[in-house]
Amino acid sequence: MSAVEALKAARAAGVELALDGDDLALKAASAPPAAVLDALSRHKAEIVALLRPGRGGWSAEDWQVFFDERAGIIEFDGGLPRAEAEAQAFDCCVGEWLNRNPERSPAGRCLGCGDREHAHDPLLPYGVEPNGHVWLHSRCWPAWYEARKAKAVSTLAAIGVNAPVVRPVKREERSEHLPSGETRESRTAKNQFAFQRQMNGG
């Protein structure tokens with residue numbers, strides 16, 4: 001049994017867990033099963049780490065709960081197979097991580113290539129208030145954004161939330177709606193590109 005499984009088993013047994021410094025505080029209406037207590041004891045250090053909030057304000061357990069909730073909603077309300085539901089739920093996690101861990105940079109220089117603004121290639125702000133903006137050339141945004149998503153994926157994997165492997169989706173099955181994992185950064189970029197085309201008479 002892993003630390004995540006031990007946590008789930010404890011919750012299912014009616015055990016409430018909280019952090020008390022580097023210790024675990026347990027609360028239950030009745031004595032938990034011995035197997036649950038044993039698992040919590042064996043994985044104590046890992047469980048403490050799972051419950052401790054990270055930079056974005058969520059603990060590893062919070063991310064696992066978010067993933068499980070999204071997968072359940074997509075599977076049962078959306079009628080999708082579990083594997084596809086989990087893939088979309090992971091996209092939601094990536095989008096949520098990006099929104100909770102925004103980057104900022106001062107105006108005047110591209111965060112992607114380090115170059116300054118040019119008449120033919122202006123610097124554009126990507127992001128929303130109150131998180132602030134990242135200043136990038138439009139040509140630098142795709143690579144910067146892909147690197148951001150890769151960081152989100154690796155960070156989530158490090159806390160036990162991994163991207164499931166699913167079969168490729170056929171073109172006719174693709175939704176016309178926005179992807180579930182789309183973030184403020186990607187929406188801002190699309191708006192910026194549309195604005196540039198409009199200004200250029202495109």
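**Exercise 1. Work out whether Tyr145 is buried or exposed, then find its ring partner.**

Start with the area: Tyr145 has 6% relative accessibility, so this residue counts as buried. The cut-offs here are under 20% relative accessible area for buried, over 50% for exposed and partly exposed in between, using a 1.4 Å probe and protein chains only. Before going on, remember that this is a predicted model, where local features need pLDDT of at least 70, side-chain atom pairs count only at pLDDT 80 or more, and totals for chains, interfaces and linings use all residues. Residues are numbered from 1 along each chain as its sequence is written, and side-chain values use heavy atoms, with hydrogens and water left out.

Next, look at Trp141: its relative accessibility is 10%, so Trp141 counts as buried too. Trp141 and Tyr145 sit four residues apart in helix α6 (residues 141–158), which means about one helical turn separates them. (Helices are DSSP runs of H or I with at least four residues, strands are runs of E with at least two, and both are numbered from the N terminus.)

**Exercise 2. Classify the ring pairs Trp63–Phe66 and Trp141–Tyr145.**

Step one is the rule: rings of Phe, Tyr and Trp (its six-membered ring) pair if their centres lie within 6.5 Å, and planes under 30 degrees apart count as stacked, over 60 as edge-to-face and the rest as tilted. The whole structure has five such aromatic pairs.

Step two, take Trp63 and Phe66: with ring centres 6.2 Å apart and planes at 85 degrees, the pair is edge-to-face. Both residues belong to helix α4 (residues 60–76), three residues apart, or about one turn, and both are buried.

Step three, Trp141 and Tyr145: their centres are 4.8 Å apart and their planes at 15 degrees, so this pair is stacked.

Finally, check for a cluster: ring pairs link Trp58, Trp63 and Phe66.
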